Amino acid sequence: MKAILKKEFRENIMKFIVETALLSGISATLIPLGFKLLVDIEKENPLISSRYGPLLAQLRDLNVFVRSQWFGKNLLELAILFAVINGIGIVAGEYERKTAIFLFSRPVSRKSVFFGKIVVAILYTLIPIIISTFFILPSVKTVPQSLDMPIFFKLLIQALFASTLTVVIAGIASIIVNDRVKGGLIILSCIVGDIILASVLKWNFINYSLLFTGDFVKTLLISSVGTVLALGLSFHLIEKKEF
Amino acid sequence: MNILKCENLTKSYGNVKALNEFSFTVPRGSITGLLGPNGAGKTTTLKIINGLITKYGGEVEIFGEKISPGNFSYRRKIGFVPEEFSLYEYMKGTEIIAFNGELTGKSGEKIIENLQSVFNLPLERKIATYSRGMRKLLSLYLALQTNPELLVLDEPTDGLDPIVRSKLFDFIFDYVARFKTTILFSSHILSEIERISDRVIFIKNGRRILEEDIDSLKENSALFVAKAKSGNAKIPGFVTYEEKDGFMEIRAIGNAKEVEEKLRDAGFEVVKKIPLTFEEIVVSYTEAYK
């Protein structure tokens, strides 16, 4: 298990650095660029201001802005994307590179190989989310408002739980589909399709995006139970997998 | 005593039957060659033994223990060199050996030193820079690192030049003599099987055609040239018929005494009895099972 963890940390380090840098870059500039645009738009474009006045007024609340633009959009989109990228490589990556034959013929249980790999995939998804979300905090000082920290942390926790579930779901796809690109596209299409369908039909109970921003207790429960069930299913599937 | 016993192994890929009730045994201390043409089912068999294929019919008993999905501890006693595989390209030779050592719980420093004294692989270089033959040798290092009781080699000389191939055989002979390791190795090269095996299992279309000691196989097999005006002898074993100048030439493989008796009983007159080479025996079996 220790050997698998070491190998996985090393193998995926570049992905981790790129993901952290990209997310952090977006989060660090979110308030200085995005929030400032909202403040200035009224002065620069009176037509927009007259048409979207109430909406803009709402968004000029820093807490609403961070919730909708970071947790509900930028982080949501990229966290799902990175979770799928990290999860889909767990088994499909080994299969594609033909290293699966070496790895899965060692005297190590398949479950522990899979578990070691998924732990690293989850950590490499969650750490960039934590680092980048904290990058928002210094830039809050540039605006004359303060963040509601309990809500901020609740949203961060929701994002972490939802992203963990996404990695594990992608892990299942990586066992079933031997091709990373195909598997990744299938999972992303399912998630995007679900979000669009749920939004159009107003079926919030199946809306994947609400796992990031919905009711705190309910979403945490869904994400946790979903993660446990998905892990159980992956352990079952990995034992049956043929290489 | 058998170290490995496979009974009625059956495996299909869609409509294609890769293995069809394939049964064989590997006695402890033997060097058993699994011989067969490409696509005969050799690799599938070796993958089943190594736990890489989980859905199949039949049973595999190894070290006296039946294998099943989730059972992996028996693999501590197996060294496996797969036919087609890759190692982590970004690792150096030393790193993959250390990684394998951590996974198997055996560092095998001594055996790696021995292997290095013969093959001298550039272990400080990244695997990405290795040739195909070097990769194959490295995988042999990994298989032997744990000092296995059973060494399973799938086309081990594929990609090796003749000099390294010869060194490899010498090393294997020496290794077997020292550690009494049992070897099961697959190949489609007859001379390889004949050179290093003491037993042969011939597989074709997923079925066992032959399982015998090489020496007794050679002893018992002969080409009979028998003449008869007409008729069709029911000969045990495998027979090919050819008409030549009014003679019926029969190529019969099997117990020579029995074949001779049956030929006489059927009214054939045995003109010649010629011992067959290993290659001729295998060709005859292949033809008989077209």
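This is a predicted model: local features need pLDDT of at least 70, side-chain atom pairs count only at pLDDT 80 or more; totals for chains, interfaces and linings use all residues.
# Notebook: two chains, looked up piece by piece

**Entry 1: a helix pair in chain A.** I began with helix H4 (residues 62-96) of chain A and helix H9 (residues 180-201) of chain A, which pack at an angle of about 150° with their axes 8 Å apart. I noted that this angle makes H4(A) roughly antiparallel to H9(A), since angles over 145 degrees count that way. The handedness came next: H4(A) passes H9(A) in a right-handed crossing.

Which residues of H4(A) meet H9(A)? I listed Ile80(A), Val84(A), Ile85(A), Ile88(A), Gly89(A), Ala92(A), Gly93(A) and Glu96(A) on the H4(A) side. On the H9(A) side I found Arg180(A), Gly183(A), Gly184(A), Ile187(A), Leu188(A) and Ile191(A).

**Entry 2: a second pair in chain A.** I then turned to helix H2 (residues 13-44) of chain A and helix H3 (residues 46-59) of chain A. Their axes lie 10 Å apart, and the packing angle is about 155°. That makes H2(A) roughly antiparallel to H3(A). Left-handed or right-handed, how does H2(A) pass H3(A)? I found a left-handed crossing.

From H2(A), Leu38(A), Ile41(A) and Glu42(A) take part, and they meet Ile48(A), Ser49(A), Leu56(A) and Leu59(A) in H3(A). I sorted these residues too, and got five nonpolar, one polar and one charged.

**Entry 3: chain A as a whole.** How many helices and strands does chain A have? I found eleven helices and zero strands. Chain A has 243 residues, and buried residues make up 39% of them. Along its principal axes the C-alpha trace spans about 70 × 40 × 30 Å. I also looked at contacts in chain A with a separation of 6 or more: residues 24 or more positions apart account for 82% of them.

Entry 4: I remembered a general point first: most residues other than glycine have a negative phi. Lys202(A) is not a glycine, yet its phi is near 60°, a positive value. I located Lys202(A) in the loop between H9 and helix H10 (210-213) of chain A. Is Lys202(A) buried or exposed? Lys202(A) counts as exposed because it has 7 C-beta neighbours inside 10 Å, and 12 or fewer is the cut-off for that class.

**Entry 5: over to chain B.** Chain B has nine helices and 14 strands. Of its 290 residues, 40% count as buried. Its C-alpha atoms fill a box of roughly 70 × 40 × 35 Å, taken along the principal axes. Among contacts in chain B between residues at least 6 apart in sequence, I noted that 72% join residues at least 24 apart.

Entry 6: I picked helix H8 (residues 256-265) of chain B and asked which of its residues are buried. I found Val259(B), Lys262(B) and Leu263(B). They cover an arc of only 100° around the axis, which puts them on the same side of H8(B).

**Entry 7: two loops in chain B.** Lys180(B) has a positive phi of about 55°, although it is not a glycine. I placed Lys180(B) in the loop between helix H5 (162-179) and strand S8 (182-187) of chain B. With 10 C-beta neighbours inside 10 Å, Lys180(B) counts as exposed.

Asn147(B) sits in the loop between helix H4 (132-144) and strand S7 (150-154) of chain B. Asn147(B) has 15 C-beta neighbours inside 10 Å, so it counts as partly exposed. What does Asn147(B) contact, leaving aside its neighbours within four places in sequence? I found Lys106(B), Gly108(B), Ile111(B) and Phe179(B). I also checked Ile112(B): it is 35 residues from Asn147(B) in sequence and 10 Å away in space, C-alpha to C-alpha.

**Entry 8: where the chains touch.** The contact takes 23 residues from chain B and 18 residues from chain A. On the side of chain B, helix H2 (residues 93-104) gives the largest share, four residues. I sorted the chain B side as eleven nonpolar, seven polar and five charged residues.

Terms used
Residues are numbered from 1 along each chain as its sequence is written. Chains are lettered from A and ligands numbered from 1 in the order in which they are written. Two residues are in contact if their C-beta atoms, placed from the backbone, lie within 7 Å. Ala, Val, Leu, Ile, Met, Phe, Trp, Tyr, Cys and Pro count as nonpolar, Asp, Glu, Lys and Arg as charged, and the others, Gly among them, as polar. Axes are lines fitted to C-alpha atoms, for helices over the stretch in contact, and angles run from 0 to 180 degrees between N-to-C directions. Angles under 35 degrees count as roughly parallel, over 145 as roughly antiparallel, 65 to 115 as roughly perpendicular and the rest as oblique. A crossing is left-handed if the near helix is turned anticlockwise from the far one by less than a right angle, and right-handed if clockwise. A residue is buried if 20 or more other C-beta atoms lie within 10 Å of its own, exposed if 12 or fewer, and partly exposed in between; C-beta atoms are placed from the backbone. The arc is that of the directions from the helix axis to the C-beta atoms.
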